[in-house]
Each structure stands twice: as structure tokens, then as C-alpha cells.
Amino acid sequence: MIKLVLWAFFLLPWLSLFFLNNSTLRRYMPVALFATVINTIIYQIAWTYDWWKYKETLFSWDKVAQTHTVYSVFLIGTIWIFYFTFRKFWIYIVVNLIVDCIYSFGFRALWKKLKITTSAGNLSPIEGILIMTIISITLYIYQMWQEGLIGGENKI
């Protein structure tokens with residue numbers, strides 16, 4: 001049952017990309033990959049400081065940065081959020097806060113209930129939301145830079 005939930009969290013976001021066109025993917029994939037790098041680093045910090053630990057993962061090698069979240073839900077979620085909200089900063093922030101609250105108060109509790117993560121962990125949901133908000137603002141600035149909206153025109 002737990003593996004089925006994890007596989008769903010891994011595969012369903014990737015399948016959702018069939019609803020986007022190629023130009024949208026090309027436009028937002030760099031910021032999504034940047035988000036993945038940042039999330040991988042955050043997960044390594046979390047592992048070191050015992051913010052959370054995963055007992056169940058998809059693969060034996062993804063104990064630190066879980067495939068079903070970092071390389072699927074967060075990566076693809078970044079593309080969708082930017083697709084619907086980019087250039088509408090306050091809507092972007094509100095959507096991110098809503099998604100972050102659902103993750104921090106909903107999915108983290110679900111992971112603990114299903115025993116996917118340990119019940120211990122010293123990062124509160126509010127601290128998690130704060131970290132994710134800082135990341136989301138960083139990503140927004142990065143995307144603005146990517147599109148030449150700040151720092152001059154991007155010739156790439």
C-alpha cells in the first residue's frame with residue numbers, strides 16, 4: 001500500500017506534463033531544475049539536522065532526497081505553478097503559501113501516519129513553510145532573470 005502511494009506521487013506529476021505544450025516545458029524547465037537542486041540541498045540539510053527521516057522510499061538509494069518528492073512532485077509542481085502564476089507575483093506567493101501549507105500540515109502528517117517518515121523530527125510545519133517561501137521567492141527571481149526581466153536581456 002505504501003509503495004503504491006509513493007509510486008502515485010512519483011508518476012502522476014510526470015504524466016500531467018502531457019497536458020502542457022513543448023514551449024511551456026522549455027520555458028519553465030530551467031527554474032524547475034533549479035528548484036530540484038535547491039530541494040536536494042535542503043533534503044541533505046534535513047537529513048543532517050534530523051528535520052525528518054524517511055523510513056519508506058521508492059528505492060534503497062533515495063533515503064536522503066526522495067525521488068517521489070524532490071524529483072517529481074516538487075519539480076513538476078514548480079512548472080505548473082509558474083505556468084499559471086508567473087508575472088502575477090502576489091498570486092504566485094499566495095498559491096505557493098497554499099501549496100506549502102497543504103504539504104506542511106497535510107502531507108507531512110499523512111507521511112507520519114503511513115509511517116513513511118519517522119514521527120520524530122525537529123522542523124516545525126511553520127519553519128518548513130518559511131523555508132519553502134524563501135525558496136519560492138528565490139525561484140521567482142531566477143525565472144525573471146532567465147527571461148531577461150532583471151539584469152538585462154538574456155541572449156540565450
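Biologist: Which residues in α2 meet residues in α5?

Modeller: Keep in mind that this is a predicted model. On the α2 side, look for Arg27, Tyr28, Pro30, Val31, Phe34, Ala35, Ile38, Asn39 and Ile42. Their partners in α5 are Ile131, Ile135, Thr138, Leu139, Tyr142, Gln143 and Gln146. Sort the residues of this contact by type and you get 11 nonpolar, four polar and one charged.

Biologist: At what angle do α2 and α5 pack?

Modeller: The angle is about 145 degrees, and the axes are 10 Å apart. In your viewer, find α2 at residues 22-48 and α5 at residues 125-146.

Biologist: Is the crossing of α2 and α5 left-handed or right-handed?

Modeller: That crossing is right-handed.

Biologist: Which helix gives the most to the lining of the largest pocket?

Modeller: That's α4, with 11 residues. Still, α1, α2, α3, α4 and α5 each supply at least two residues of the lining. By type, the lining has 25 nonpolar residues, 11 polar ones and three charged ones.

Biologist: How many aromatic pairs does the structure hold, and how do I read one?

Modeller: For any pair of aromatic rings, you give the distance of the centres and the angle of the planes. This structure holds 25 such pairs. Take Trp7 and Phe59: their centres are 5.7 Å apart, with 85 degrees between the planes. An angle over 60 degrees counts as edge-to-face, and that is how the pair of Trp7 and Phe59 is classed.

Biologist: Which parts does the pair of Trp7 and Phe59 tie together?

Modeller: Trp7 sits in helix α1 and Phe59 in the loop between α2 and α3, so their pair links parts that are 52 residues apart in sequence.

Notes:
Residues are numbered from 1 along each chain as its sequence is written. This is a predicted model: local features need pLDDT of at least 70, side-chain atom pairs count only at pLDDT 80 or more; totals for chains, interfaces and linings use all residues. Side-chain values use heavy atoms; hydrogens and water are left out. Axes are lines fitted to C-alpha atoms, for helices over the stretch in contact, and angles run from 0 to 180 degrees between N-to-C directions. Helices (H or I, at least four residues) and strands (E, at least two) are DSSP runs, numbered from the N terminus. A crossing is left-handed if the near helix is turned anticlockwise from the far one by less than a right angle, and right-handed if clockwise. Contact means heavy atoms within 4.5 Å. Ala, Val, Leu, Ile, Met, Phe, Trp, Tyr, Cys and Pro count as nonpolar, Asp, Glu, Lys and Arg as charged, and the others, Gly among them, as polar. Rings of Phe, Tyr and Trp (its six-membered ring) pair if their centres lie within 6.5 Å; planes under 30 degrees apart count as stacked, over 60 as edge-to-face and the rest as tilted.
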